[in-house]
Amino acid sequence: MKKTLRFPHPLVLLLGFILLALLLSYLLPAGVFNRLPDPATGRDVVVPGSYHHVPPTPVNPLAAIVDIPKGMADAASVIFFVFLTGGAFTVVDQTGALRHGVDWLLVRLRGREALVIPIVSLLFATMGALENMQEEIIPLVPVLLVLMRRLGYPTITAAAVSLGAAAVGAAFSPLNPFQVGIAQKLAQLPLLSGAGFRLAFLAGALLIWIGGTMRFARRHRQEPVVEVAAEEAALAETSHGRHGLVLALLLVAFGVFTYGVLRLGWEFEQMGALFFGLGVAAGLIGGLGLNGTAEAFIAGFRDLAFSALLIGFARAIFVVLEQGQVVDTIVNSLSAPLAHLPVTLSALGMMGVHTALHLPVPSVSGQAVLTMPILTPLSDLLGLPRQVTVLAYQYGAGLCELITPTNGALMAIVAACGVRFDAWWRFAFPLYLLLLALGTVAVVVGIAVGLG
């Protein structure tokens, strides 16, 4: 019998990583880099060459258990954002507006349903490239599931066109402020430098991801949930009235959300407040009344509770490593051998280092702050263009967002889709390898042309 990869339950998997982090606090020597505030990024960054050992602080099992609620506290803004927006979208869904809106769309696209996957994927890829969209996707999962079921596509497609496309857009982005923006500042490169080069490879990356998603969706498609006649009836009944008002309100909310994130620098608290207001207004306009709106919010909280809490468990892994003072030890141990490699191998080694580091350091911006001050002077010593050093970080760390189980947003979205993580891996991992190969080509070409 053919054996297939099978991951344990997501909660068991994350608890296993917390246990591994605890063991590493005993097995690895404790050490830290000195840090200084960086005016360009407003963050504390490491001082190259300052790594030194400190007295060990192994994390005992009781402290590791306490670090789980600490991780939830660290991720509180994200967790409550998921609860509030998830509740809001449940309210919108219970008004019937979402289902009828999807039916309206499918009637308009009859015979061209295959366009849905590239259109939705490009939308999320754009948001990933602009603002590293991830956790913000979680509340949208119910909408995407309705759409994919109407098309007869497997539920995993909802995660692929959203989180997957956003992660690819972010990893190859020329302007993502949380990845390439921070990394270029720390490498003392002009913002948007090398944008044309990155855009060319972004186009190739999206062709790989969207093409793979469409191929998977076609191979596993089943009969759509709603027949054409029912769709036409729904369209005739709901072309006006409350559903239209709720959908218009939803579009306005998305417009405000986009403006707030891109121009006003909104955090998760402001975003959560916006969607909570959307939910209340949609419930009243959609005819649910005060009590019905409240009950719909509670249903949304309940449905997304597990997905939201997974984010806190994932954060706890880093909390344990940080408490054991071994994060900097891992960084120093992985980066030191690069100084003895030829230029091209050193650049590809940097990609490998960022890939390995993204398991214990699941924040892409945090990883940039931790590694770029170390790798930038190393690049200068090797004669490696700094722009290529940033590329190695983008592709190594950014693409890991597609597969690493310590990415709380990924785990939450896959869980919200009702998909096992091993099923996601079987879908995503071959595409991840193709994207990593494309990133490798970009790094090698960048060295050959002296990308600056």
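Predicted model: local features only at pLDDT ≥ 70, side-chain atom pairs only at ≥ 80, totals over all residues.
Local features were taken at pLDDT of at least 70 and side-chain atom pairs at pLDDT 80 or more, whereas totals for chains, interfaces and linings use all residues. Residues are numbered from 1 along each chain as its sequence is written, and side-chain values use heavy atoms, without hydrogens and water.

One cavity of 30 Å³ or more is present (a set of points, on a 1 Å grid over the protein atoms alone, where a 1.4 Å probe fits but cannot get out). The volume of the largest cavity is about 40 Å³, taken as the space filled by probe spheres set on the points. Its lining (residues with an atom within 4 Å of a point) consists of Phe81, Thr85, Phe89, Met133, Glu136, Pro139, Leu140, Phe254, Phe257 and Phe275. Eight of these are nonpolar, one is polar and one is charged. At least two lining residues come from each of α3 (76-94) and α11 (242-263), with helices being DSSP runs of H or I of at least four residues. The most is given by α3, with three residues.

Helix α3 also packs with α12 (residues 268-285), at an angle of about 20° and with the axes 8 Å apart. The two helices are therefore roughly parallel (angles under 35 degrees). Their crossing is left-handed, the near helix being turned anticlockwise from the far one by less than a right angle.

An unreviewed UniProt entry places the feature "transmembrane region" at several stretches, including residues 192-212 and 304-321. Residues 192-212 are 86% helix and 0% strand, with end C-alpha atoms 29 Å apart. For residues 304-321 the values are 100% helix, 0% strand and 28 Å.

Notes
1 Å grid on protein atoms, 1.4 Å probe; cavity = no way out; pocket = protein on both sides within 12 Å on 5 of 7 lines; lining within 4 Å. Nonpolar A, V, L, I, M, F, W, Y, C, P; charged D, E, K, R; others polar. UniProt positions renumbered as here; feature names shortened; annotations may be inferred. Axes fitted to C-alpha atoms, helices over the stretch in contact; angles between N-to-C directions. Parallel < 35°, antiparallel > 145°, perpendicular 65-115°, else oblique.
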